[in-house]
Amino acid sequence: MADDTKSWKVGDLARATGISVRTLHWYEKVGLLRPARRTRAGHRVYGERELLRIQQILSLRAVGMSLDEIRALLARRDASPLDAIERHLARAKELIAEQQRLVVRLERVALALRAGSKVSAEDLLRTIEETVMFEKYYDEEQRKRIEERRVEVGDERIREVEQEWPRLIAEAKQAMEDGVDPADPRMQSIATRWMALVREFTGGDRGIHQSLGRMWKSEPALAQRSGIDAALFEHVGRAIRIANGGKEWTGE
């Protein structure tokens with residue numbers, strides 16, 4: 001744990017951390033961060049405990065929490081510096097994975113440009129898609145919830161689901177080509193598993209489910225790359241409605 005063997009006046013702390021004096025003052029004003037003490041002249045002095053507090057604030061901000069939410073969380077008796085750091089760590093790992101995927105795509109584009117070759121439209125489209133897709137269809141609160149779901153589900157299960165989807169899509173496509181009716185037990189089994197996998201992603205959040213649906217409907221190229229065409233989308237949709245008692249499924 002941090003102690004107070006070192007101390008900084010507010011200006012020194014601002015220079016050392018890159019956080020503006022104005023922001024440090026604001027944190028104090030909203031009840032997030034108080035100085036360890038004040039000098040006789042009234043200057044704020046911060047110690048190592050306050051440094052740890054700042055790291056907690058920044059970590060929780062990094063995973064999408066508002067200042068009000070952070071204040072409420074840190075005010076709890078069971079608030080743990082480790083919890084904030086671990087949340088930030090999980091999000092940082094996710095960002096690294098996302099950036100690594102983007103790096104692979106960018107390197108492919110850069111390699112072609114260095115060689116004087118034409119960059120394929122497919123590579124450019126996939127690179128752009130990787131960059132903007134999430135922000136295009138999910139709002140900030142939804143992205144926060146999706147990140148939380150990733151942590152809840154865990155990396156191992158995410159890898160399992162990534163392998164399950166192609167198998168399930170192929171099974172659904174084969175059933176459709178075999179002429180299996182959406183109400184048939186074979187197709188109903190597929191629909192039930194389909195809904196379960198979607199729920200694992202959305203956590204049963206109706207808004208995220210709606211955004212996911214908009215993305216698939218608005219991005220036919222994305223669907224086709226996954227092996228889903230309009231006919232299969234409709235066939236599975238009919239099976240899901242039947243499995244849901246004849247009602248449109250909202251993802252809950």
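View A. Trp 194 is buried, with a relative accessible area of 10%, where buried means under 20%, exposed over 50% and partly exposed in between, using a 1.4 Å probe and protein chains only. Trp 165, by contrast, is partly exposed at 22% relative accessible area. By the rule used here, the count comes to 1 aromatic pair; rings of Phe, Tyr and Trp (its six-membered ring) pair if their centres lie within 6.5 Å, with planes under 30 degrees apart called stacked, over 60 edge-to-face and the rest tilted. That pair is Trp 165 with Trp 194, edge-to-face at 5.1 Å centre to centre and 85° between the planes. Trp 165 sits in helix 8 and Trp 194 in helix 9, so the pair ties together parts that are 29 residues apart in sequence.

This is a predicted model, so please keep in mind that local features need pLDDT of at least 70 and side-chain atom pairs count only at pLDDT 80 or more, while totals for chains, interfaces and linings use all residues. Residues are numbered from 1 along each chain as its sequence is written, and side-chain values use heavy atoms, with hydrogens and water left out.

**View B. The whole chain.** You will find 12 helices and 3 strands here; these are DSSP runs numbered from the N terminus, helices being H or I of at least four residues and strands E of at least two. Of the 252 residues, 33% count as buried. The accessible surface comes to about 15500 Å², with 52% of it belonging to carbon and sulfur atoms (Shrake-Rupley method, 1.4 Å probe).

**View C. The largest nonpolar core.** A nonpolar core is a set of buried Ala, Val, Leu, Ile, Met, Phe, Trp, Tyr and Cys residues joined through side-chain atoms within 4.5 Å. The largest one has 25 residues, and those touching the most other members include Tyr 138, Met 187 and Trp 194. Helix 8 (155–177), helix 9 (185–202), helix 10 (206–218) and helix 12 (230–243) each supply at least two of its residues. Helix 9 gives the most, with 7 residues. A second, separate core of 20 residues includes Ile 19, Tyr 27, Val 30 and Met 65.

**View D. Around Met 187.** Leaving aside neighbours within four places in sequence, Met 187 is in contact with several residues, among them Ala 172, Val 180, His 235 and Val 236; contact means heavy atoms within 4.5 Å.

View E. The open sheet has strand order 1-3-2 with antiparallel pairing; two strands pair if DSSP finds at least two bridges between them. Strand 1 (7–9) and strand 2 (37–38) stand at the edges with a single partner strand each, so one side of each is left without a neighbour in the sheet. Strand 1 and strand 3 share 3 bridges, and Trp 8 has Tyr 46 as its bridge partner in strand 3. Strand 2 is joined to strand 3 (residues 44–47) by 2 bridges, with Arg 37 partnered by Val 45. In the hairpin of these two strands, which has 5 residues between them, Gly 42 takes a positive phi near 90°.

**View F. Cover for strand 3.** Both faces of strand 3 are covered: Arg 44 and Tyr 46 on one side, and Val 45 and Gly 47 on the other, are all buried. Helix 1 (residues 10–17) lies across strand 1 and strand 3, running at about 105° to strand 1. Helix 3 (residues 48–62) packs on the sheet and touches strand 1 and strand 3, its direction making about 80° with that of strand 3. For these angles, axes are lines fitted to C-alpha atoms, for helices over the stretch in contact, and values run from 0 to 180 degrees between N-to-C directions.
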